[in-house]
Amino acid sequence: MRFPIRAKLLGALAIDLILMMVLGYFAVHQMATMNERAVFIERHTIPSLDTVGDMTTAINRYRARQLEFLIYTNNGDRNRILDQMRAIESEMSGYFLTYRSLISSPREQNQLDAVEAAWGEVVRANHERFIPAVRLVSDGSVQPFYSRMNPAYDALDQAMAGLVQENQRQARASLDVVAASYDTARTFIVFDTVIAIIISAAIGLFLSARIARRLRRLVEATNRVSAGNFVGSINEQIRDEIGDLARAFDQMLASLRHQRSELEDRNRALQESLARQAQLMEEIVRGKQAEAEAERARAAAEAASQAKSAFLATMSHELRTPLNAILGYAQLLHLSKSVAEPNAQYLERILASGRHLLTLISDVLDFAKIEQGALELEYSQVHIPTLVDELVAMTLPLAQRHHNQVQAYCPAEIDTIETDGRRLRQVLINLLGNAAKFTENGTIRLEVTSAKRGDVAGIQFAVIDTGIGIPRDKQDKLFQPFSQIDSSVTRRYEGTGLGLALSKQIVQALGGTIEVESEVGVGSTFTVWLPTIPVSTVASSSLSSKLPLVGEPA
């Protein structure tokens, strides 16, 4: 249940007010009691005592007039005194009447009745016995008559004394009531004041201590937060203004912890991002360095390759010149038949070996030109049937050496194309030579057909043999330079491994493709496709090259 501080303070004030109201009510009550008794004394006791005093005075005057009535013997004086006595009797009747209005208790009524009865006896004795007896005596002796009135006056004095005592008793009772009321009021006022002070002090000390303790907890929590410590909370359970403030502070503290946690997460994410960026920068730097190293290595490799190609081209050119001279002289000796048998066969072997060496040097020179981008193509009209006949004639000796048959197929509609005839012849001789070299007791077939790839018209040359075939896992190495399917084949059939690589480069330079299909023990089919270039559009073409052409074919 919610008890605001204002309600608590108002409650404490209400308690003080209730105590003060009780105190005021009791004080008013006691003051009313004292006032009542004072009014009683003023309106009853004092007039009663005054009346009693007047009555005593009247009685004394009445006795004095009786004494004068005895002393004076003149009738005139006695009648005057008798009138005075009757006046005093009337005065006493008035006193009795006045006093009856002041009677407050039966006891006082009895006392007044006794006084009135005693006074009546005095008056009756005066008129019935004293005055007639005094009138009969003329010598002035008053003692016997006056003494006879003493018992009546004694009774009257006694009754008057009782009435006076009753009045005094009532006065003392009123004073006692006033004193008791005063003492009670004073005691109650002191007690109520002390209780109010104790309750006010207890409530004040309790509330102040409790509020101070709760405020101190708030201050300590605020100091912790200002120092950056967001741990813990106040957990105030009391529902008042300070409790609301403490709960709002706890909510603020929870919000600060949540925001701090988010900031820490974001900071960690930022640190991780920075670390990743730094790592990426390092990787980029390393990549740049590696790229630069690779570029330098590539430049060095290109420089080395160009140097190698230049060296090979130079060496090939330098080797071909003396080799041509050797072959020329050997050919002259062979044609002049200057060398007799059996030495003539050695001359033929020199010619064969020289031609083979010349072919190898030419391949190396062409490959070096291709690597340097200096392969020059010369386009011209090539009559395909004539080319086929030349190829068959050139291949036939080698094919017959291995007991092979050579077949050619060239449809009549295939006539002339625009291409580099020398390079095309070089490629087909290489393919037919390989087919003759790797086929024994088989068939070597050259088929020429028209073939269109996409929108491009072309011509296709297929070299088909029934030789040893090529394994599928070795076929991807066929067109790589200086590559052989295995060393045993190299030893058995000789070769440098440049022929197919050089053929592929030449076919690509001519804008065509070269493919192979082979199966071990069945044979191989090499297919060369070339686009048919119109004669009017191309006169000659060459591979672009930034390097100078090194060496010329002999």
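How exposed is Leu17 in terms of relative accessibility? Leu17 has 45% relative accessibility and counts as partly exposed, where buried means under 20% relative accessible area, exposed over 50%, and partly exposed in between (1.4 Å probe, protein chains only). The structure is a predicted model, in which local features need pLDDT of at least 70 and side-chain atom pairs count only at pLDDT 80 or more, while totals for chains, interfaces and linings use all residues. Residues are numbered from 1 along each chain as its sequence is written, and side-chain values use heavy atoms, with hydrogens and water left out.

Leu17 is found in helix 1 (residues 5-71); helices are DSSP runs of H or I with at least four residues, numbered from the N terminus. Together with Leu10, Leu13 and Met21, Leu17 makes a nonpolar surface patch of about 400 Å². Such patches consist of residues with over 30% relative accessible area and no salt bridge, nonpolar side chains being joined within 5 Å.

The count of salt bridges comes to 19, each being a side-chain nitrogen of Lys or Arg within 4 Å of a carboxyl oxygen of Asp or Glu. In one of them, Arg124 pairs with Glu121, with the closest N and O atoms 2.2 Å apart. These two residues are three residues apart in helix 3, and are therefore separated by about one helical turn. Arg124 is partly exposed at 34% relative accessible area, and Glu121 is partly exposed at 31%.

A further salt bridge joins the side chains of Arg425 and Glu390 (3.2 Å, N to O). Arg425 lies in helix 9 (residues 421-437) and Glu390 in helix 8 (residues 384-401), so this pair ties together parts that are 35 residues apart in sequence. Salt bridges with shared partners also join Arg100, Asp113 and Glu116 into one network.

Glu108, in helix 3 (residues 106-136), is buried yet has no salt bridge. The nearest side chain of opposite charge, that of Arg169, is 7.2 Å away. The side chain of Glu108 reaches the backbone nitrogen of Ser104 at 3.1 Å. With residues up to four places away in sequence not counted, Glu108 touches several residues, including His44, Tyr99, Leu163 and Gln170; contact means heavy atoms within 4.5 Å.

Ala330 belongs to helix 6 (residues 241-336) and is buried, with a relative accessible area of 5%. Beyond residues up to four places away in sequence, Ala330 touches Leu347, Ile350 and Leu351. The C-alpha atoms of Ala330 and Gln289, 41 residues apart along the chain, are separated by 59 Å.

Conventions. Lys and Arg count as positive and Asp and Glu as negative; His and the chain ends are not counted. A polar contact is a pair of N or O atoms within 3.5 Å; within protein, one must be able to donate a hydrogen and the other to accept it, and residues adjacent in sequence count only if both atoms are side-chain atoms. Patches are made of residues with over 30% relative accessible area and no salt bridge: like charges are joined within 9 Å, nonpolar side chains (Val, Leu, Ile, Met, Phe, Trp, Tyr) within 5 Å. Accessible areas come from the Shrake-Rupley method with a 1.4 Å probe; for residues, only the protein chains shown count as cover.
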